[in-house]
Amino acid sequence: MGENAISVSGFDCFSIKLRSLMTTGNLKNLKIDTGRSETLVVCFGEMLIDFVPTVGGVSLAEAPAFKKAPGGAPANVAVGVSRLGGSSAFVGKVGDDEFGRMLADILRLNNVDNSGMRFDHKARTALAFVTLRGDGEREFLFFRHPSADMRLLESELDKNLIQKAKIFHYGSIGLIEEPCRSTQLAAMKIAKASGSLLSYDPNLRLPLWPSEEAARKEIMSIWNLADVIKISEEEITFLTGGDDPYDDEVVLRKLFHPNLKLLVVSEGPNGCRYYTQEFKGRVGGVKVKAVDTTGAGDAFVSGLLNSLASDLTLLTDEKKLREALLFANACGAITATERGAIPAMPTMDAVQDLLSSSRS
């Protein structure tokens with residue numbers, strides 16, 4: 001490979017299986033019957049290809065090569081839940097192209113029900129080039145003008161799948177443009193009417209929005225519909241117009257709504273804060289050497305939702321909630337020790353091992 005070539009070997013571990021499946025055409029709409037629909041987590045939104053530099057601490061222009069990896073926060077969460085032994089499904093749209101079919105199969109190989117995926121013949125699968133700075137944090141350059149995920153129609157929703165969700169999880173990227181915006185609102189309505197717990201991670205990506213004002217308005221437009229919300233410190237500052245993200249009064253006054261069951265503020269390596277109707281507190285992080293924070297927040301969410309899907313009493317039992325949040329912190333920590341999101345999502349054994357070693 002030449003010095004400036006783009007490597008597409010980021011998923012070599014799947015290459016043999018993918019080639020076999022491509023020859024048989026068995027890539028689309030593959031339903032995984034896990035037999036655990038009573039704990040099903042359905043994730044709605046985008047799935048795309050991340051191109052990540054093969055070395056850290058460089059700009060896109062300086063990167064000698066890139067590795068491809070599946071990405072998209074909702075899809076990451078779906079894989080994260082499944083990797084932990086839970087039941088998950090993904091609802092979204094990709095292009096009817098090589099990348100879209102690869103993404104569908106990656107979900108299948110990770111035991112995620114992808115029967116809610118749709119394939120667009122007129123738009124491509126979204127791409128994102130992700131730079132890794134020296135501190136492991138990311139910068140993004142997106143290619144989606146438009147991409148298939150933005151074109152999901154309400155008529156394409158798998159309503160039966162959504163109605164089975166114990167938890168329905170989503171972000172804000174789908175709100176940027178029609179028709180996906182209306183489709184997401186319809187999916188949320190179906191889930192709510194079916195008794196699903198609504199989980200919201202805004203996952204702010206300002207470069208995708210037409211303006212900061214538009215982002216703030218749309219993200220907050222569905223705020224009061226969620227039962228569980230996870231946000232970062234940076235998102236608090238953005239959504240409150242510059243207020244102190246560490247001030248509990250700011251969080252409770254401006255972001256905690258009357259119907260909210262749980263608000264979690266992720267603090268990266270420092271852990272997280274939690275707020276409910278009856279109690280609030282903080283759970284410390286699990287220390288690791290971070291290599292790439294891509295997907296760490298999604299791994300945190302998957303750890304929390306996997307615990308919630310098994311036991312909703314976490315929302316009213318502070319001791320159980322703290323244990324679940326420590327577990328979620330460990331999920332995020334493990335993911336930060338490897339490059340890429342989905343490849344780094346931890347298993348239950350890996351999380352338990354980290355927690356055991358951190359206590360000793």
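**Exercise 1. Determine the sense in which strands E1 and E4 pair, and over how many bridges.**

Solution. Strand E1 spans residues 41-44 and strand E4 spans residues 88-95. Strands (E, at least two residues) and helices (H or I, at least four) are DSSP runs, numbered from the N terminus. Two strands count as paired if DSSP finds at least two bridges between them. E1 and E4 have four bridges, in the parallel sense. Within this pair, Cys-43 stands opposite Phe-90 in E4.

The model is predicted: local features need pLDDT of at least 70, side-chain atom pairs count only at pLDDT 80 or more, and totals for chains, interfaces and linings use all residues. Residues are numbered from 1 along each chain as its sequence is written, and side-chain values use heavy atoms, with hydrogens and water left out.

**Exercise 2. Give the strand order of the open sheet and state which strands stand at the edges.**

Solution. The order of the nine strands is E5-E4-E1-E8-E9-E10-E11-E12-E13, with mixed pairing. E5 (113-120) and E13 (280-283) are the edge strands; each has a single partner strand, so one side of each lacks a neighbour in the sheet. From one strand to the next the twist averages 15 degrees.

Axes here are lines fitted to C-alpha atoms, for helices over the stretch in contact, with angles from 0 to 180 degrees between N-to-C directions.

**Exercise 3. Describe how helices H10 and H11 cross, and classify the residues of their contact.**

Solution. First, the axes of H10 (residues 318-335) and H11 (residues 348-359) come within 9 Å and cross at roughly 105 degrees. That makes the two helices roughly perpendicular, a class that covers 65 to 115 degrees. Second, contact means heavy atoms within 4.5 Å. Among the residues that meet are Leu-326, Phe-327 and Ile-334 in H10 and Val-351, Leu-354 and Arg-359 in H11. Third, the contact residues comprise 11 nonpolar, one polar and one charged. Ala, Val, Leu, Ile, Met, Phe, Trp, Tyr, Cys and Pro count as nonpolar, Asp, Glu, Lys and Arg as charged, and the others, Gly among them, as polar.

**Exercise 4. Locate the cis peptide bonds that join His-145 to Pro-146 and Glu-178 to Pro-179, and the positive phi of Asn-111.**

Solution. For the bond between His-145 and Pro-146, omega is about -10 degrees. Pro-146 sits in the loop between strand E7 (138-143) and helix H4 (159-163). For Glu-178 and Pro-179, omega is about 5 degrees, and Pro-179 belongs to the loop between E8 and H5. Asn-111 is not a glycine, yet has a positive phi of about 65 degrees; Asn-111 lies in the loop between helix H3 (98-109) and E5.

Key
Parallel < 35°, antiparallel > 145°, perpendicular 65-115°, else oblique.
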